[in-house]
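Here are my notes on the model you sent.

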Amino acid sequence: MNHFPRFIFLATFLIYLSHIALASIVSTGDYNKDFYVTYSPSHINTSADGRTRSLIFDKESGTEIASKDMYLFGQFDMKIKLIPGNSAGTVVAFYLASGQPNRDEVDFEFLGNVAGKPYTLQTNVYVDGFDDREQRINLWFDPTQDYHTYSILWNLHQIVFMVDWVPIRTYRNHADKGAKYPHWQPMELKVSIWNGEDWATDGGKTKIDWSKAPFVATLGNYKIDACVWKGNARFCRVESENHWWNKGQSSTLTWTQRRLFKWVRKYHLTYDYCMDNQRFQNNMPIECSLPKY
């Protein structure tokens, strides 16, 4: 049985309520106020109230938006409706990123597919400019039919990737054991749409069908509940009522979240770099042998 169990619906609702109770939101909910366009503003459409925004990709260009503030730790939620129909070769990314050259990055990448085949959701973590930490899952719903909430929790203890409050991946801070962890560089929140046909679908075998362009991904409500970077990392590392994400209850997955996490890995995981012995020639990254929560 790999359908969405009833216990998951109830569990995710309780997780959602707990996040509302803890919130110390720094975003306005208006894309015009919280984000700027990094390139190709002609490929952006924003609603009159600033609450929804469409990213457009065609033969001419893709586009990207980035938060006006940078952050060091917090939680970042965004509702996204992905490209419908034949989206093969396209990539929609929702991610945190620091500056170059030794960048840190925490990525959701939605890899398009031909009509009738499921999207692949790839996650990745860059630390000091190095990545090679990809995981992939198939979603348990059609992400083109409605908005779904994609979230990144990033704190001193762990990074948690969530889909509709279901934790699909963790990356723990095991720096004391020699594993790299992004903990000192502030990051922007970014969303982009672009050409990934060299690798995104069937390893690059299936290319973009330009007759289906333009390709449109739509962004809905979002929430940034994070420490705004003011130049002092110590301020963002303290535990306080406003910095709830650094407190004990967010240092690991709850019992309910662990059940959800195991369900995703059992039924929906399609690739995990920590299981790819051939790629790493049996010299696996150190975090692969360490606890996930």
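1. The largest pocket has a volume of about 270 Å³. A pocket here is an open set of points on a 1 Å grid over the protein atoms alone, where a 1.4 Å probe fits, with protein on both sides within 12 Å along at least five of seven lines. Its volume is the space filled by probe spheres set on the points, joined across faces, edges and corners. The model is predicted: local features need pLDDT of at least 70, side-chain atom pairs count only at pLDDT 80 or more, and totals for chains, interfaces and linings use all residues. Residues are numbered from 1 along each chain as its sequence is written, and side-chain values use heavy atoms, without hydrogens and water.

2. Strands are DSSP runs (E, at least two residues); helices are H or I, at least four.

3. β5 and β14 run antiparallel and are joined by eight bridges. Pairing requires at least two DSSP bridges. Methionine 78 stands opposite tyrosine 222 in β14.

4. Both strands belong to an open, antiparallel sheet of seven, ordered β2-β3-β14-β5-β10-β11-β12. β2 (44-46) and β12 (166-172) are at the edges with a single partner strand each, so one side of each has no neighbour in the sheet.

5. Helix α4 (residues 255-267) lies across β11 (158-163) and β12, at about 95° to β12. Contact means heavy atoms within 4.5 Å. Angles run from 0 to 180 degrees between N-to-C directions of axes fitted to C-alpha atoms, for helices over the stretch in contact.

Notes. On a 1 Å grid over the protein atoms alone, a cavity is a set of points where a 1.4 Å probe fits but cannot get out, and a pocket is an open set with protein on both sides within 12 Å along at least five of seven lines; lining residues have an atom within 4 Å of a point.
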